[in-house]
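Okay, thanks everyone, let me put this one up on the screen.

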Amino acid sequence: MKTLHAPNPVTAVTLTIEGKSISVDQGTSVAAAALVSGLIITRTTPVDGSRRAPYCLMGVCYECLMTIDGVANQRACQTIVREGMVVLRQDGKREVMS
Amino acid sequence: MRSFDVIICGGGIIGPALGYGTARAGASTLMLDEGDKAFRAARGNFGLVWFHAKGLGCQAYSDWTRQSVDLYPAFSRQLKNDVGIDIDLKQNGGLEVCLSDEEAQMFKSEIETMASQSTDGAYSSKFIDPQQANEILNGLKLGPEVVGAVYCPLSGHVSPLKLLNALHAGFQKYGGVYQASSTVKEIIPSGEGFTIKTNTESFSCKRVVIAAGLGVTTLAPQVGLNIPVFPERGQILVSERIQPVLPLAISGIRQTEEGSILMGASNEDVGFNSDTTGAVTTNIAKRAVATFPVLGNLNLVRTWGALRVLTPDHNPVYDQSSVHPGAFAATSHSGVTLAATNVDCAADWILEGRAPELFQSFTSDRFSS
């Protein structure tokens, strides 16, 4: 996937998705940024580990859960990119340290 | 008019347990289930298989519970073999955590009462301090407010929905007939048996079992039984799925096989209302976080409310009408814990009229005086 036009260099936001740095227009959702970065599989499911990608892109299907700035299971399509954001694939069940 | 040996009024968790037992014994059995408008305690259940202090003040209830928790491992294997459904039984003990000295005192006195009323001297729950609890919890840290816990090695938990599914599947495997969207309106004793009128049709049967949860209050009088029950609302919070952190069930906190943390254990008298409220869910969350601070990091994904079915003394009812023999009623708020014995006793009790001796303590005439 790609954006329809290059991001505006003055207002673009740079973030890291699965270790890859990418610049997108401000106001872009993390899910869209992930797709543009080439990351299609954004999570694996907690029960059987099957692969999932952003689907509805409007917050209802919960398929695009990702770990965003250290907080697991966030809907990437409902989160707007911020400068310096670190985004990781959500692999299976979240780890919670005790 | 279709005719059956047994008609079970109620598709919750007690109905299909008894129906599984009667169908397996060869009796033609029909189960009538009201539908989604019913207040389904069976579908809002937390899923504990709990011994602890069940039957405080009623040793027969404690003994009946003990029989069921003892049967549970074999019962779970039997369901797996029979219908291929794993009910996720984890029966490696359970904890009731105390967050104040008052709670600790209350639990300690409950344990003393249970030990002294126990007839076989084998009562096994004990009070442990936070350090002992920490050892059982395998590294999961308790909060500073925890003053102790009651540990019962016999308690555990299951997936109540998989259990419900397995009981229905077992019932149907042995030829039981399930009929949804059927509200039982009338039970009419006629000749040797009964005519059962639903919202859409009529059936006849030799024996009828009322296992209708809160619906028992209107159905039981039609066969000469008086069984008052009341709704008590409980609310439950569900977290996102996480890696296993809870090695055993806590009375108000358990982790499902899939990884969700369930939090609950509220009690409210609000009539026939199964909503959730901010005040109660906040308290449940606060208590869970006070017990295990790490839970404060979790995202919640769901809440629900459901209505427990309580008798005035909170003890179960298992009764056969003396006015209209062949009419049975069963109710309790321990449908999950007692599922193993409910299946086990059904054929003898309902088909042969041989009630387990303990049922003498569970008749409904105790509410009539």
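B:Thr198 counts as buried, because its relative accessibility is 8% and buried means under 20% relative accessible area, with exposed over 50% and partly exposed in between (1.4 Å probe, protein chains only). You'll find B:Thr198 in strand 10 of chain B, residues 193-198; strands here are DSSP runs of E with at least two residues, helices are runs of H or I with at least four, and both are numbered from the N terminus.

A quick word on the ground rules. This is a predicted model, where local features need pLDDT of at least 70 and side-chain atom pairs count only at pLDDT 80 or more, while totals for chains, interfaces and linings use all residues. Residues are numbered from 1 along each chain as its sequence is written, chains are lettered from A and ligands numbered from 1 in the order in which they are written, and side-chain values use heavy atoms, with hydrogens and water left out.

Back to B:Thr198: its side chain reaches the backbone nitrogen of B:Thr200 at 3.1 Å. Setting aside neighbours within four places in sequence, B:Thr198 is in contact with residues including B:Leu32, B:Val184 and B:Phe203, contact being heavy atoms within 4.5 Å.

Now, zooming out to chain B. We've got eight helices and 18 strands, and 55% of the 369 residues are buried. A compact globule with 369 residues would have a radius of gyration near 21 Å, and chain B agrees, at 21 Å; that's taken over C-alpha atoms, and the globule rule is 2.2 Å times the number of residues to the power 0.38. Of the contacts in chain B with a separation of 6 or more, 73% are between residues 24 or more positions apart.

So which residue of chain A does B:Val245 contact? That's A:Val96, and B:Val245 also contacts B:Leu140, B:Gln255 and B:Ile261, again leaving out neighbours within four places in sequence. B:Val245 sits in the loop between strand 12 (230-241) and strand 13 (249-250) of chain B, and B:Val245 is buried, with 16% relative accessible area.

And that brings us to the interface. Here 11 residues of chain A contact 15 residues of chain B. The rule finds one salt bridge across it, meaning a side-chain nitrogen of Lys or Arg within 4 Å of a carboxyl oxygen of Asp or Glu. A:Arg94 makes a salt bridge with B:Glu240, with the closest N and O atoms 2.4 Å apart.

Note on methods
A polar contact is a pair of N or O atoms within 3.5 Å; within protein, one must be able to donate a hydrogen and the other to accept it, and residues adjacent in sequence count only if both atoms are side-chain atoms.
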